[in-house]
Structures are given as C-alpha cells and as structure tokens.
Amino acid sequence: MTIECASLFCNAQTVQSPDGNLKVVVHTGSQPSFSISYKGREVLPVSSLGVIRRDQSFAAGLQLDDVSEPEVIKDTYQMLTGKRMNCSNTGTQRIFKFSNSNHQHLNIVFRTYNDGVAFRYEFPDHSDSLVNVTGESTTYLLPDSTSRWMQPYTPAYEDFYSLNNNGAGSKDHEWGLPALYKVKNDSTWVLISEANMSEYNCGARLNNKEKPNEYVVTYPGARDSFKQVGVMTPLPWTSQWHTFIIGPLRNIVSSTLITDVSAPNKLKETDWIRPGAVSWIYWAYNHGSKDYKRTVEYIDFAKEMGWPYALIDWEWDVMTNGGNISDAIRYAASKGVKVLLWYNSGTSWLGATPADRLLDADKRRKEFTWLKEMGVSGIKVDFFAGDEQDMNKYYIELLKDAASYHLMVNFHGATVPRGWARTYPNLMTTEAVYGAEWYNNLPVLTDKAARHNTTLPFTRNVVGSMDYTPVTFSNSQHPHITSFGHELALSVVFESGFQHFADKPSSYDSLPPVPKDFLKHVPVTWDDTQLLDGYPGEKVVIARRKGKVWYIGGLNGKDTTQDLVINLDRIKKGKATLQIIMDGKDDHSFNVKNVSYTGKETLSIKCLPRGGFVAVVR
C-alpha cells in the first residue's frame, strides 16, 4: 500500500521497547533518519539512514511506501559460550518500506528491545545478476563534548579504547567497533556495534573525517589482493544488524543483544563442543612450539592443573628436540589432554608456519581430515587480512568446515565478534584485542594495562568471547606492573570460551596453594553475568555464576589505592560465605580471607594501585 498522509504522520513513526523505556523515532522524509530516546531523554540525536549501490542510490530522494504494524519478536536460545547459557529476548519490530526514483525498493527494519536497538537494510527485489553495495549514508550524530571510548581502526582490532571528548585520536579518522559513549550529564551509556554477518556482508567501521561528532558507517575499500569495494551480492540482500546497547553500565555488560539478533545455531550436533581452560606456550618465550620437550612441559602442566587443553602454537610443523607433532599429539592423548593446533590463515605473515594449508578449500579439508584422525580438538587460525567480503566469507567457510570435522575454532589477528558464536557455536573465542601478547612486542602495555583492563569489560568483551591470554605473574619481554591480585582477577573479569592461561608452568607452580587451586577450578562458561560496580578505565567488579556458585572479579584501573565494593544484593539474597583472594602487603603477594555475610552489610576490598581480587560466593 502507498501511504498518503499528513507530513507530521509520515515523518514521525515510532518503535518502542516492551518496557516502554526505549523509543526509536524514524523520520521518513526523502532522506530517512532516526533518533533514539531512553526514559524520555534523547541518547542519539537525529541520524541519517541510507544505502548506496554502484548502480543507484537509496539515500536521498526516497519515498515511503508502507510501514508495518508493530510486531512482537520473542526468542529463547542456548549459548555454549558467553555471558549466560540460557538467553531470551523480547522486542518490537517495524518494517519501513521505501522506493527510490527508479522504483527500486529498500526496506529498513527496526527492532527495539529493553536493552537496545537494532536496525538493518533489505533489498527485497529479486535479481540473479550481482549488484555492488558500496557503502551507506548511515551517520551517527553525537552531541559535542560527549565522552567516548573508541578504538582507532586496525584490521586486527588491537589498539586501546582511550577516552576522548572531541572525536580525535585516530589519524585516519576511522574507528573500529564496538564504540562506547556516555550521554552527557546522564547515567545512560550507548555501545555501538553490529551483528549477524553473512557471506554477503563486510565488517563496517566508523569514520568522522568530515565532522568530529558525525560518525559515518563505512565499508572497507579495496586492498592490494582484493580490489572490490563493499560487497557483491545477488538480490534479495540483507545487511548486517546495526546495534545499540543502551542503558546504565550494568545493562551494557550483561546484554546479549549481539547474539539475540544473530542467526540461530546451524550445527546439527553440538555435544562435541566443550569450552575449557588451555595451557599456552607462546607468551613466556615469545616463540612457538618448535621445541618438543617444551611442548611436553605445557601438556604435563595442563594435566596437573586439570585444564582440558594445551595449545600447540606456530612452528609445530618443524618440531624437533625429541619428537614431532604426531609424537606430541599422541603424548597429550596419553595424558588425557586434548590438543589445539595453530595455523596461519594464509593471507599474510607467510613467514609463520604452517602457512598454506587452510585458504584453499581442498587443502583445508585434507588438513581437517588429518586433524580428526589424530584426535585434535580445535584450531587457532591467525593473521587475517581485514574486514572485506572475502575475509567474511573465509571466516564462515572455516567455521562450517571445522564443524564438519568436529573442530572448535579460535580466530586470532581477526575481526571482532559479530554474533557467529550463536550461529556456529564451535567458535570458542576471538582475539581482536590489545592483549597480554603485546608485552612481547612493545613497552606500551606496561603502563596502560590496568586502565585498559578496566575498559575492556565495557567495550570489546561486551560483544563476544575475548582471547586476551590473561593471568601472568612473571614477565615476558616487557614487565607488567599490575598486581598478582589483578592478574588473578582477569580469569573472571575476562570471558572466553577457550581461556588461554599465558604464563609458564614454573610461574603458576610458585603460587601459594589457594590462588593456584583457584586457577585449577575457575570456570570458563557461565550461567549468568552481572556488573556490580565499575567505570571505564577506573574500576570494574563483575560477578559470574556457575551453577549455584558466584565468582567475582575486581580490578583497580588506577595508579593509586582504591576500595572496590561488593554489593551482593544484586546477585544473592540472605546469608553467604565468601573466600576472597586479594592483594597482599605488596603487588607480588596475596591475602586470603574467609568471610561470613549476613545479608545486610556491604563488603569493601582495599586494592593496591593497579590491584585486584577474586571472590567465591556460596
């Protein structure tokens, strides 16, 4: 139907969340736009919408043809990794149908949930010939002086989410997702990202080159080995979901919006998928797994700690000093330890081997056949080339093929998670973070780690499992000055389906019995996640539940002492007992306390500069 109505009606369509707190106003003039309010206050000013194809534009000059009635969207599903196992969501959806001057059609689908907003573009017309979607005119407008935590864009998403108030800090004016900002003079926060990527999408970034407070959703340009701009697709076509998680910080941290709007699980069987803790060889020696005897040392340590996995890193194809890779895999099996194996994706860094076994589909399936025969449980694939459509397709092909051979997957040097862990639950974790590995490369992390570690729970780790490779007590190439209590807390604060513990066995063996025992038993999968306290770059206290037991991790991001507060009312009513492992007299020692909680008092933990604690609540 074609809408004929007063301009006020046409220009002010709304989509409201079930609880009434979030409202999207879609302005449906010739240049569509939208704004978002939360509890009656504007959190995203009027921002432009539209898509650009090489053959024609779907931005300015559009006519509104139809608007669907509000539809309730309900969904329940289970995750094998992430913030909670059982997930549910309810949202309101409306579809806005436009046509351009060539009578070609564009749908814009909006969904408003209690914790956020998502929208996507659709070309509903059918065509067997490919069209080139080159970009969007989507632009997010932030008020001047808005506090924002955004990471300058790099293909590996390995930079810092530094606080700025004026949109500066990226020399190319490009910012990677997710992007966090705080609404000025308010306690409301917004995390911008995207979800549900298919083979016909590419990863977008934000660009504020023209105006510092206007962020344009930008598709990748051509690169040397891939000349295409944007995506080539048959019609109909659907974009990724553009997402906004909105509310107080506790809403940001606990939200599952990224997986809520992603495609359901496509794997028929998942009982072979088992997240777990991993011993990891690279960090301590800044080298791979060429040395058989050292590889065996890490397998033995995984056995000692009760960790199910050992990762055998790069150079395993040239392993010497007493055995080869087949010997190492057989040795691990004899100890009841499962092996994960590193691969170069084949797109770059060809000096790190093995480098050429996965990019070609036939070679990949031959390699996966061998891995299945040897009993290997998963792969870590490293050094991807960017966010272009060919890489997006490659990620998905890897996940599909790996699932066919019952292989779990860890993506490194890769794009940020965009919901694939729901669609392909054999994806255990993704790097896409400036993690502990950087202690090996530059001295920068030494001074920035505490502030960085208290920013990641509100940014990168919100959107998916994060392979930071945490919990190091010794030093690698460059020292860390976070306390031992801080490092121990990373095992709870950072969520990852494969949690790679990065330090050497001798370092863990030197720990006192209580913290060492904690690392033997701390879960890597959770039934619930709640933020108890925090502020980006300053502090974070996160509680995660496994069964009936809550694990709490607290980090001090400051260079001064700070008291971190545990408010158990948010997670547990009535009496409880707590074992707290906190900073000791100095940053290389622990203090262990057993506390009886009556159900009334607030617990305060004194943390050293860059310190931290863990607590187990029963």
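Predicted model: local features only at pLDDT ≥ 70, side-chain atom pairs only at ≥ 80, totals over all residues.
Colleague: How are helix 11 and helix 13 oriented to each other, and why?

Modeller: The axes of helix 11 (residues 484-493) and helix 13 (residues 513-521) cross at roughly 20 degrees and come within 11 Å, where the axes are lines fitted to C-alpha atoms, for helices over the stretch in contact, and angles run from 0 to 180 degrees between N-to-C directions. Angles under 35 degrees count as roughly parallel, over 145 as roughly antiparallel, 65 to 115 as roughly perpendicular and the rest as oblique, and helix 11 and helix 13 are therefore roughly parallel to each other. The helices themselves are DSSP runs (H or I, at least four residues), as strands are (E, at least two), numbered from the N terminus.

Colleague: Which residues in helix 11 and helix 13 meet?

Modeller: L488, S491 and V492 in helix 11 meet P515, F518 and L519 in helix 13, contact being heavy atoms within 4.5 Å. The residues of this contact divide into five nonpolar, one polar and no charged, with Ala, Val, Leu, Ile, Met, Phe, Trp, Tyr, Cys and Pro counted as nonpolar, Asp, Glu, Lys and Arg as charged, and the others, Gly among them, as polar.

Colleague: In the open sheet of seven strands, what is the order, and what makes strand 26 and strand 27 stand at the edges?

Modeller: The order is 26-25-24-23-22-21-27, with parallel pairing, where two strands pair if DSSP finds at least two bridges between them. Strand 26 (427-430) and strand 27 (498-501) each have a single partner strand, so one side of each is left without a neighbour in the sheet. From one strand to the next, the twist averages 25 degrees.

Colleague: How do you know that strand 25 and strand 26 pair, and in which sense do they run?

Modeller: Three bridges join strand 25 (residues 408-411) to strand 26, and the two run parallel; among the details, N410 has T429 in strand 26 as its bridge partner. On the other pairing of strand 25, four bridges link it to strand 24 in the parallel sense, with G378 opposite M408 in strand 25. Helix 8 (residues 389-404) lies across strand 24 (378-382), strand 25 and strand 26, running at about 155 degrees to strand 25.

Colleague: What makes strand 16 mostly covered?

Modeller: Seven of the seven residues of strand 16 (residues 189-195) are buried, meaning under 20% relative accessible area, with exposed over 50% and partly exposed in between (1.4 Å probe, protein chains only). Both faces are covered, with W189, L191, S193 and A195 on one side and V190, I192 and E194 on the other. Strand 16 pairs in the antiparallel sense with strand 15 (residues 174-182) over four bridges, and Y181 stands opposite V190. Strand 15 and strand 16 form a hairpin with six residues between them, and N185 in the turn has a positive phi of about 55 degrees.

Colleague: Is F58 buried or exposed, and at what relative accessible area?

Modeller: F58, in strand 6 (residues 57-58), is buried, with a relative accessible area of 0%. Leaving aside neighbours within four places in sequence, F58 is in contact with G50, V51, R53, N100, Q104, H105, L106 and F123. F58 and N100 are 42 residues apart in sequence and 6.1 Å apart in space, C-alpha to C-alpha.

Notes. Residues numbered from 1 in each chain as written. Heavy atoms only, no water.
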